[in-house]
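Biologist: I would like to learn how to read a structural model residue by residue. Could you take me through it, giving the general idea before each case?

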Amino acid sequence: METKNTVPLWLAVAITVCVALPFGIWLEQINPNLKSLPIWASFIVWAEYFALGAKPSALKTIVPAYFLGVVAAAIIMVGWAVSSHQVGDKVWFPGDVTLFISCFIGFCIFIYAMKYFPVTQVGSLCYFNGISMMLGVYFTGAYPMQLLSTTSPIAPLGDWMGPVMAGVWALLAGLLGAFLGWFNVTIMFPRPVSAAPETKRQPVGV
């Protein structure tokens, strides 16, 4: 059974983008202690939804694989934050040596561990996107760093809370992206249509 979209793709995408925009521009206006979600990360997960078939069943792969990728990157960055604070190394900038070491050890472990999690094999794209989106959110500061100020009740937890907060924001952006993918397809209202019957050709000369 073939399907035909009631709403064209170009219009559905434009509507979906407008649905996403408030999360990227209004959150910190509503609460100055927050940070608007990095919807560029949401758009990556949105694309994953289409890459994995554009069906709700794809979310069973996207969400856990992306989640594990974010968690892996957050653990690596926490390891760097803790070790650099203890060692105080510097070649070009503080902590650069421990950053190399943390990334080398961390990625060896978490990429090797993929073999033990079937969802990270089927959803390897989502897993690696989770890693890259968390690192992108962290290194661009696209998370609510205001919550880590000296006046914040969680400030005494230390600098390692930065990667944790970046991971939370990357996860929230990913969940928004998963919703956007589902929403985009849903508002096109695909409906089943019957395939046109094949016409049989008459033999020549009959």
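Biologist: Is Leu-172 buried, partly exposed or exposed, and how should I read such a label?

Modeller: The label rests on relative accessible area, where buried means under 20%, exposed means over 50%, and partly exposed lies in between, with a 1.4 Å probe and protein chains only. Leu-172 has a relative accessible area of 37%, so it counts as partly exposed, and its place is in helix α8. Helices here are DSSP runs of H or I with at least four residues, strands are runs of E with at least two, and both are numbered from the N terminus. Keep in mind that this is a predicted model, in which local features need a pLDDT of at least 70 and side-chain atom pairs count only at pLDDT 80 or more, while totals for chains, interfaces and linings use all residues. Residues are numbered from 1 along each chain as its sequence is written, and side-chain values use heavy atoms, with hydrogens and water left out.

Biologist: Which residues make the nonpolar surface patch, and which helix gives the most to it?

Modeller: Patches are made of residues with over 30% relative accessible area and no salt bridge; like charges are joined within 9 Å, and nonpolar side chains (Val, Leu, Ile, Met, Phe, Trp, Tyr) within 5 Å. A salt bridge is a side-chain nitrogen of Lys or Arg within 4 Å of a carboxyl oxygen of Asp or Glu, and the areas come from the Shrake-Rupley method with a 1.4 Å probe, counting for residues only the protein chains shown as cover. In this model Val-63, Val-82, Trp-160, Val-164, Val-168, Leu-172 and Leu-175 make a nonpolar patch of about 500 Å². Helices α4 (59–87) and α8 (161–186) each supply at least two of its residues, and α8 gives the most, with four.

Biologist: Which residues touch the most other members of the largest nonpolar core?

Modeller: A nonpolar core is a set of buried Ala, Val, Leu, Ile, Met, Phe, Trp, Tyr and Cys residues joined through side-chain atoms within 4.5 Å. The largest one has 45 residues, of which Tyr-66, Met-77, Met-134, Val-137, Tyr-138 and Tyr-143 touch the most other members. Helices α1 (9–25), α3 (39–51), α4, α7 (124–140) and α8 each supply at least two residues of this core, and α8 gives the most, with 11.

Biologist: What does Met-77 touch?

Modeller: Contact means heavy atoms within 4.5 Å. Leaving aside residues up to four places away in sequence, Met-77 touches Leu-99, Cys-103, Met-134, Leu-135, Tyr-138, Phe-139 and Pro-163.

Biologist: How far apart are Ala-12 and Asn-184 in sequence and in space?

Modeller: They are 172 residues apart in sequence and 5.8 Å apart in space, C-alpha to C-alpha. Ala-12, placed in helix α1, has a relative accessible area of 0% and is therefore buried.

Biologist: Where is Ala-54, and what should I make of its phi?

Modeller: Most residues other than glycine have a negative phi. Ala-54, in the loop between α3 and α4, has a positive phi of about 55° although it is not a glycine. Phe-189, found in the loop between α8 and β2 (190–193), has a positive phi of about 50°.

Biologist: What is the average pLDDT of the protein chain?

Modeller: pLDDT is the predictor's confidence in each residue, from 0 to 100. The protein chain averages 87, and 82% of the residues score at least 70. Over residues 150–157, however, the pLDDT is below 50.
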